Amino acid sequence: MTKQNVVASEVTSDINMAIAVAVSKSSMFASAVQKPPAVPYITISRKKLLHNLEISGGARVTSWVDSMRASSPTHHKSTPSLSDDQSSWMLHHPSALDMFEEITNASKGKQIVMFLDYDGTLSPIVEDPDRAFMSDAMRATVRKLARYFPTAIVSGRCRDKVYSFVQLAELYYAGSHGMDIKGPSKGSKYKKSSQPVLCQPASEFLPMIDEVYKALLEKTESTPGAKVENNKFCLSVHFRCVEEKKWSELAHQVKSVLKDYPKLRLTQGRKVLEIRPTIKWDKGKALEFLLESLGYANCTDVFPVYIGDDRTDEDAFKVLRERGQGFGILVSKIAKETNASYSLQEPTEVMDFLRRLVECKRLSLRRQFRMRRRLEGMKVSLPN
Ligand SMILES: [Mg+2]
């Protein structure tokens with residue numbers, strides 16, 4: 001699961017060719033705080049392309065659909081509560097609530113930076129993606145969290161859409177799987193510069209994404225419940241309201257549109273197929289960009305915590321493992337292959353964890369304040 005299910009939509013005549021699109025530096029960063037990072041392209045090897053050729057028929061579609069079934073929350077309601085596999089997985093990815101003290105001890109003396117996915121992490125997965133609202137209690141918790149730690153929402157959704165759900169101006173937002181990043185619109189004490197943070201490494205793909213959006217709307221019209229969402233720099237085809245027996249049909253429809261767009265790739269998530277540009281930019285890159293924007297690029301005293309529930313969050317978990325800083329928390333009720341260190345079962349547990357982090361920070365600040373007062377008092381009482 002550490003790698004996305006990347007699918008070459010079309011095989012070109014030059015098999016070894018890297019699928020490359022020129023992305024000019026000027027359009028990548030309208031006004032970024034720091035030097036724009038180079039965005040590499042995804043290179044598809046000869047072996048992988050041949051593999052895709054072999055399975056370009058129905059097999060690939062079947063594997064997406066099978067994988068979606070396996071990760072669908074409704075599907076797991078019927079599975080036994082705690083299998084042996086699950087117990088062994090929990091040993092390797094224990095609950096972040098149970099390990100809370102260990103986690104806070106590891107972060108001592110370091111600046112915690114919070115990265116939160118939205119769907120399935122802050123809000124429950126619901127049938128209609130337009131109604132994936134977060135609770136007022138969760139919003140209040142995230143607001144408090146952002147008071148004590150720099151906080152970013154990292155989502156596959158369009159940035160404006162995820163902002164309309166979260167409604168907290170003091171946060172960083174990385175929409176479209178990190179391809180559309182914007183800093184806080186309201187004062188945040190963690191902002192290192194008066195310049196707005198803005199990163200849009202795939203802006204040249206906008207006309208193509210719009211074109212494919214229209215084609216997908218038309219193509220999937222005949223499948224009841226299918227929903228195509230325009231996330232600005234990427235598209236999502238939601239399977240949540242589609243009868244399971246129609247999933248293969250819908251996946252074939254998506255694939256038939258994508259075959260004309262080799263510069264776009266297809267990935268699979270929880271009851272969703274996602275279409276995005278072939279540039280090598282993901283939630284992991286967004287995490288690195290945000291850490292740099294916050295001035296923590298080469299710091300050893302930073303402790304990033306990333307919480308997410310999806311395959312796309314694995315890129316960020318992997319970055320944290322490779323940096324050896326902070327950790328990832330996977331939100332999942334079932335055992336999954338992951339680069340995250342800890343787990344939480346559902347958004348309500350995420351809220352509990354965030355509340356405990358806030359409480360822990362509050363107590364620590366109170367202790368520091370009392371200590372300072374005591375030291376000041378001692379200085380006053382000392383004779384000259
Ligand atoms: Mg999610």
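Which strands does α11 lie across? In this predicted model, helix α11 lies across β2, β3, β11 and β12. Its direction makes about 155 degrees with that of β11. Strand β11 covers residues 302-308, and β12 covers residues 327-331.

These strands belong to an open sheet of eight strands. The order is β6-β5-β4-β3-β2-β11-β12-β13, and the pairing is mixed. Strands β6 (198-199) and β13 (342-344) stand at the edges. Each has a single partner strand, so one side of each is left without a neighbour in the sheet. Within the sheet, β2 (residues 111-116) and β3 (residues 151-154) run parallel and are joined by three bridges. Across this pair, Met114 stands opposite Thr151 of β3.

A further helix, α7 (residues 159-166), also packs on the sheet. Helix α7 touches β3, β4 (172-175) and β5 (180-182). The direction of α7 makes about 135 degrees with that of β4.

The loop between β4 and β5 holds Ser176. His177 lies in that loop between β4 and β5 as well. Most residues other than glycine have a negative phi. Ser176, however, has a positive phi near 50 degrees. His177 is not a glycine either, and its phi is positive at about 60 degrees.

On the α10 side, the contact is made by Lys283, Gly284, Leu287 and Glu288. On the α11 side, Asp315, Ala316, Lys318 and Val319 take part. By class, three residues of this contact are nonpolar, one is polar and four are charged.

How much of α10 is covered? The helix is mostly covered, with nine of its eleven residues buried. Among the buried residues are Lys283, Gly284 and Leu287, which also take part in the contact with α11. Just after α10, Gly295 has a positive phi of about 90 degrees.

Strand β8 (residues 235-238) pairs with two strands, β7 and β10. Strand β7 (residues 227-230) is antiparallel to β8, and the pair is held over four bridges. Here Lys227 has His238 of β8 as its bridge partner. Strands β7 and β8 form a hairpin with four residues between them. In the turn, Lys232 has a positive phi of about 70 degrees. Strand β10 (residues 272-277) also pairs with β8 in the antiparallel sense, over four bridges. In this pairing, Ser236 has Glu274 of β10 as its bridge partner.

Which residues of β8 point one way, and which the other? Leu235 and Val237 point one way from the strand, while Ser236 and His238 point the other way. All are buried.

Methods
Residues are numbered from 1 along each chain as its sequence is written. This is a predicted model: local features need pLDDT of at least 70, side-chain atom pairs count only at pLDDT 80 or more; totals for chains, interfaces and linings use all residues. Two residues are in contact if their C-beta atoms, placed from the backbone, lie within 7 Å. Ala, Val, Leu, Ile, Met, Phe, Trp, Tyr, Cys and Pro count as nonpolar, Asp, Glu, Lys and Arg as charged, and the others, Gly among them, as polar. A residue is buried if 20 or more other C-beta atoms lie within 10 Å of its own, exposed if 12 or fewer, and partly exposed in between; C-beta atoms are placed from the backbone. Two strands pair if DSSP finds at least two bridges between them. Axes are lines fitted to C-alpha atoms, for helices over the stretch in contact, and angles run from 0 to 180 degrees between N-to-C directions.
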